[in-house]
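Please keep the sequence and the coordinates at hand while reading.

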Amino acid sequence: MKILHVPCLEDNYSYLIIDESTKEAAVVDPVEPEKLVNAANEHGLHLKLVLTTHHHWDHAGGNEKIKEMVPGIKVYGGSLDNVRGCTNKVENGDKVSLGADVNILALHTPCHTKGHISYYVTGKEGEDPAVFTGDTLFIAGCGKFFEGTAEQMYQSLCVTLGSLPKPTQVYCGHEYTVKNLQFALTVEPDSVKIQEKLSWAQKQRRAGLPTIPSTIEEEMETNPFMRAELPDVQAKVGCHSPVEALRKIRLMKDNWRG
């Protein structure tokens with residue numbers, strides 16, 4: 001399994017997931033389909049699937065166009081999200097295979113949108129798994145609660161995604177990492193791990209490089225929304241439960257002008 005990132009629009013990421021033995025590929029959120037089709041052609045790939053994380057235009061807006069460009073391509077999207085161009089609706093636990101060795105598991109991770117899907121992808125034995133989290137989990141952040149509640153985001157982040165294997169590579173929908181880590185330091189100003197990751201992320205961006213992927217383990221160490229489970233973090237924001245802390249940290253982030 002190989003993963004290529006394709007920057008789109010101002011700060012979006014689309015992705016190519018490649019089964020290396022067959023050269024079959026899936027695309028995640030191809031908002032600028034020309035870029036994805038060109039990248040696929042450059043690498044000699046056969047595009048088979050579109051994996052749409054949620055219905056917002058900057059993720060699903062290229063679906064109809066890519067169907068025109070690649071006749072017969074299947075477009076997957078959450079059954080509760082009205083995903084444009086969708087041919088195959090998925091629910092939590094649904095499985096899709098790609099090529100010889102790549103398996104994709106749909107995880108329902110609602111809150112940002114009610115039908116948001118994260119895609120957990122495994123390859124050959126010995127390869128680290130990956131998860132494509134759209135706008136539910138960002139590196140050191142999470143999506144705004146447009147269509148859901150703090151309870152849902154807690155379930156999506158801390159239970160569903162938090163239970164994935166720690167080495168799982170996290171590929172999110174936007175390059176928001178530097179700002180997210182700057183905010184994370186306002187929650188935990190003494191965190192050496194957050195300070196170190198911020199310094200690394202700033203260097204990456206200055207060099208024109210992405211900050212993806214992260215890992216589930218790194219997120220548990222540096223992401224204030226995933227750390228809302230910790231009594232220490234709850235105390236820092238004056239709360240007594242994970243859900244209450246998550247709600248408070250989201251409110252703080254929404255009002256933060258960093």
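The sections below describe a predicted model.

## Annotated domain

The UniProt record, an unreviewed entry, lists residues 11–174 under "domain: Metallo-beta-lactamase".

## Packing of helix H5

With H6 (residues 192–206), H5 packs at an angle of about 155°, the two axes being 9 Å apart. Since angles over 145 degrees count as roughly antiparallel, H5 and H6 are therefore placed in that class, and the crossing of H5 past H6 is left-handed. From H5, the residues Thr-177, Val-178, Leu-181, Gln-182, Ala-184 and Leu-185 take part in the contact, and they meet Ile-194, Gln-195, Lys-197, Leu-198, Ala-201, Gln-202 and Arg-205 of H6. Sorted by class, the contact of H5 with H6 has 7 nonpolar, 4 polar and 2 charged residues.

With H9, the axis of H5 (residues 177–187) comes within 11 Å of the axis of its partner (residues 242–255), and the two cross at roughly 125°. H5 and H9 are therefore oblique to each other, and H5 passes H9 in a right-handed crossing. In this contact Asn-180, Phe-183 and Val-187 of H5 meet Ile-249, Met-252 and Lys-253 of H9, which by class gives 4 nonpolar, 1 polar and 1 charged residues.

## Two residues of strand E2

Asn-12 is found in strand E2, which covers residues 12–19, and because its relative accessibility is 5%, Asn-12 counts as buried. Beyond its neighbours within four places in sequence, Asn-12 is in contact with Val-6, Pro-7, Asp-58, His-59, Gly-173 and His-174. Asn-12 and Glu-217, by comparison, are 205 residues apart in sequence, with 23 Å between their C-alpha atoms.

Ile-18 is also found in strand E2, and its relative accessibility of 4% means that Ile-18 counts as buried. When neighbours within four places in sequence are left aside, Ile-18 is in contact with Met-1, Lys-2, Leu-4, Glu-24, Ala-25, Leu-45 and Val-102. Between Ile-18 and Lys-166 there are 148 residues of separation in sequence and 22 Å in space, taken from C-alpha to C-alpha.

## Backbone details

Most residues other than glycine have a negative phi, and most peptide bonds are trans. Against that background, Leu-9 has a phi near 50°, a positive value in a residue other than glycine; Leu-9 is placed in the loop between strand E1 (2–8) and E2, and with a relative accessible area of 38% Leu-9 is partly exposed. Lys-23, which is not a glycine either, has a positive phi of about 65°. Lys-23 sits in the loop between E2 and strand E3 (24–28), and Lys-23 is partly exposed, its relative accessible area being 38%.

The peptide bond that leads from Ile-212 to Pro-213 is cis, with omega near -5°, and Pro-213 itself lies in the loop between H6 and strand E14 (214–215).

Note on methods:
Residues are numbered from 1 along each chain as its sequence is written. This is a predicted model: local features need pLDDT of at least 70, side-chain atom pairs count only at pLDDT 80 or more; totals for chains, interfaces and linings use all residues. Side-chain values use heavy atoms; hydrogens and water are left out. UniProt positions are given in the numbering used here, feature names are shortened, and annotations may be inferred rather than shown by experiment. Axes are lines fitted to C-alpha atoms, for helices over the stretch in contact, and angles run from 0 to 180 degrees between N-to-C directions. Helices (H or I, at least four residues) and strands (E, at least two) are DSSP runs, numbered from the N terminus. Angles under 35 degrees count as roughly parallel, over 145 as roughly antiparallel, 65 to 115 as roughly perpendicular and the rest as oblique. A crossing is left-handed if the near helix is turned anticlockwise from the far one by less than a right angle, and right-handed if clockwise. Contact means heavy atoms within 4.5 Å. Ala, Val, Leu, Ile, Met, Phe, Trp, Tyr, Cys and Pro count as nonpolar, Asp, Glu, Lys and Arg as charged, and the others, Gly among them, as polar. Buried means under 20% relative accessible area, exposed over 50%, partly exposed in between (1.4 Å probe, protein chains only).
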